[in-house]
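Subject: Structure handover

Hello,

Here is the structure for your files. My notes on a few residues come after it.

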Amino acid sequence: MNLKHLISRKTINNLSKINGKSVSYSCKKLSTLSVPKSPPLYPASSDQSSTYLQTLKHPKPISPFIRYIHSTKETRLSYASVEAKLVSSDSEEEEDGTVNEFLSRFVWIMRGKLSQVYSDCNKETIDGMLLIIVDKVVEEMEKGGIQQMLGSTVVMPSQDFSEDLWRTVWEVSNMVLEDMEKVRKNEKMKQFLQSEEVKEMCRFAGEVGIRGDLLRELRFKWAKEKMEENDFYKSLDRLRDEKEAKGEKIFNEQAVVAEDNPRVASLPKRKGKIKYKIYGLDLSDPKWAEAADKIHEREEMVWPQEPKAISGRCKLVMEKIVSLKMEDDPSQLLAEWIELLQPSRVDWINFLNRLEQQNPDMHLKVAELVLSEESFQKSITDYTKLIDAYARDNRLEDAERILKKMVETGIMPDILTSTVLVNMYSKAGNVARAKEAFESLRSYGFQPDIKVYNSMIMAYINAGHSTSAELLMSQMGTRDFKPSEEIYLALLWHYSHRGEAAGAGRIANIMQFEGFHPTIESCSLLVEAYGQAGDTDQARTNFDNMIKLGHRPDDKCTASMIAAYEKKNLLDEALNLLTQLEKDGFEPGIDTYTVLVDWLGKLQLVAEAEQLLGKIAELGEVPPLKVHLSLCDMYSRTGFEKKALQALGVLEAKKEELGPSEFERTIKALIAGGFLQDARRIHGLMESKGFAASEQLKVSLMASQSSSLRRPTKR
C-alpha cells in the first residue's frame, strides 16, 4: 500500500464534503478557543516568521483544515463548523474509511510525539500544530511528495518544515502504513483460513491421523499458499488493466475541471478522545483496549510468526552447517549460530527445512541435537518425525534411541508414534516389538487404521505366524476394513511355499468371496501349494482351470506343475503336458528347464540332463544355483569326478546362498559317490554357517569314516 493509491483526488474531493461547499464567516457561527502561543515546530527564517505572524494577524484561512484564525495577543481556533459537519456526515466518513483510518492513526501517533516534545503546551495548541502538519501531509499526498519521501531514506528538504519534523512525519507515515498493511493481511488471511478448499484439506488431514500443532501449521501453510496464489492472479489482472488504460488515452474534460476546483479536507476531529466505530460499535472504551491485548496474545499463539532475517556472520555460519559432511560434528557451529541469531521455534523449523532439502544426511544429526534446545519448544510431533525418518532409512537403533529419549523426558507415545513404531518393527521383522506397539494403540483407546493392520499382518506372515495373520484379518472384517489383494497373495505365497494345501485353498476361497477374481499369480500359487503337498490331481485341476479362465500359463506356473509330477515320478504325464503346451505356442524357460534338469539328474540320465543344459545356454541365461546343485548330485552319484568337483566348486563359491537342505543334499551325494574328504569339508562349511546336521546325515558321516570305500576312478 502507498499513499498515492490511498489518497486519490476523488478521496480528497469526498473529504471536502466534510467542511461544506461554502465558507461562512459569521461571528455567530464561530466558536473560538483562547490559548497561549506555543513555540514554533521548526526554526523559521525571518521571511517565514513574518509571513506566519502576518497570517495570525489577519483572518485568512491558511489550510483546508482551518476554518478561521483570529490573532491579537492570543491564537484563536474555530472548530464549530467542522464539528457540525462531522456530526452530519457519518455516512460519508464510512465511504472514506481507509483515509479516515490513516489520518486517525497518523494524528494519534503525532499527538503523542508532539505532547512529549512540547509538554508545556495545552491540548488546543497541540491541535493547532496537528492541523498545520496534517494540512501539509495532505498537500504532499496530492503532489506525490509523500510517496517520493517514503520511497527513500533521505529526508526531503522543505521550506515549510524543519528536517527533523519531516523525518518524524516520514517515520510516522511509514509506521501507519505498515500497521494498516499488517491488519489488511491478517484479515485477508482469516478469509482464506475459512475457505472451503483449506477446510477440505484439513478434514482430510484429520482423517489420516494428523492432529495438534502439525495440523495447525499445515492449515496456515495451505491458507498462505492460497492467498499468494490469489494475489498473483490479481496482479496479472492489474497489469492487464494498466496496459489497456495506457492504450486507450481518453481525456475526460469534466475530470480536468474537477481537478482545478479547490480541494478542501479536514482533520478527522471528534469530541474528547478519538472514537473508533466499527459497524456502529464504539471501540473507544478502555475495555476494548484490554480485549485487543488479549486477542493479540492469543494470535501470537495461533498465528504463524515469520522467521528472522539471516544475514552477515549468522548467514555464513548457517552456510557452513549446510555444507558439512556426514562424519562432521555440527555442535560447535550450531552453538555459534544460536548465539548469533537467538532463534525461536519458527527460525528452527525454517532452518531444519532448508537443511533437509540441501543436506539430508546432516539433517537428522542436527534435528537430534535441536531436541535438547529450550528455544526449539519440542513436542511429541518432533520426536515422531525423527523416529519416522530413522525408520525409513532402516536405522532401527537410532529410532529406538530417540524413542527412549522421548520417554525419559516424560512424553509418552501417542497414536502417530505407535503407528510409526508398528510400521518400523514390521519392516525390520521384529514381530514381538511390533505386536507390543500394536497393542499400545488399543491400550490408549485408539483403533488402528488399515495401514497399521496391513503392516502387522505382513510382520506375522514374514515371521511364519500365518494363524495370527488370519486372525487379524478377521478382526479387520469386524471393523469394515477390507484386506488388500496384496495381503491375500502374501498369505497364499506363505502357504504354497510351505506346501500347506489346506491353508492355500482356504485363502483362495476367501479371495473369491471378497470379490477378487483369480489371477495367474494366485492360480500359480495354488498349483505350487498342491504340488508341494503331493496332490498331483488337484494341482492339475487348478492348472486346467487357469487355462479355462483365459490365463496363459507362464514358465513359472508350468515349472510348478512339472515339479508336482516330479514328486510322484510321473515323467510321461509331464512330457505329455509339455508337448501339449508347446503345440499351443508355449516355450519352456529357465524355470521349467531347471526342474527338468533336477528330475533327470535324480534319475541319473546324464546325457538328457546335459542336453537341457544346452537349452539353458541357448536362452542366454545364467544357470541358477539349483542347477549346479542338481549337477553336483548327479555327477557325484554317477562317478564323474571331474565334473562333480567342478560343480562342487561353484557351490562353494556361492556358499552364502546355500541353506541347510542344500548342504545336506550335497554331502549325501558326495558320500554316495565316495568323495569322503570333500563331504567332510562341506560338512565343516555347514557347521560354520550355524546349520545343524540331521540325524540321518550324522549316521552317514560316521558310517563313511569306518568304511574303507575307495574314491572312484575317472570316467
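Predicted model: local features only at pLDDT ≥ 70, side-chain atom pairs only at ≥ 80, totals over all residues.

Residues are numbered from 1 along each chain as its sequence is written, and side-chain values use heavy atoms, with hydrogens and water left out.

Helix residues

Ser636 lies in helix H32, residues 625–638 (helices are DSSP runs of H or I with at least four residues, strands runs of E with at least two, numbered from the N terminus). With a relative accessible area of 1%, Ser636 is buried (buried is under 20%, exposed over 50%, partly exposed in between, with a 1.4 Å probe and protein chains only). Leaving out residues up to four places away in sequence, Ser636 touches Ala644, Ala669, Leu670, Gly673 and Phe675 (contact means heavy atoms within 4.5 Å).

Arg219 belongs to helix H11, residues 212–248, and is partly exposed at 29% relative accessibility. Again not counting residues up to four places away in sequence, Arg219 touches Leu193, Gln194, Val198 and Cys202. Ala205 is 14 residues from Arg219 along the chain, and their C-alpha atoms are separated by 9.5 Å.

Loop residues

Asn569 sits in the loop between helix H28 (555–568) and helix H29 (571–583). Its phi is near 60 degrees, a positive value in a residue other than glycine, and Asn569 is partly exposed at 45% relative accessibility.

Gln604 is in the loop between helix H30 (590–602) and helix H31 (606–619). The phi of Gln604 is also positive, near 60 degrees, in a residue other than glycine. Gln604 has a relative accessible area of 40% and counts as partly exposed.

Regards
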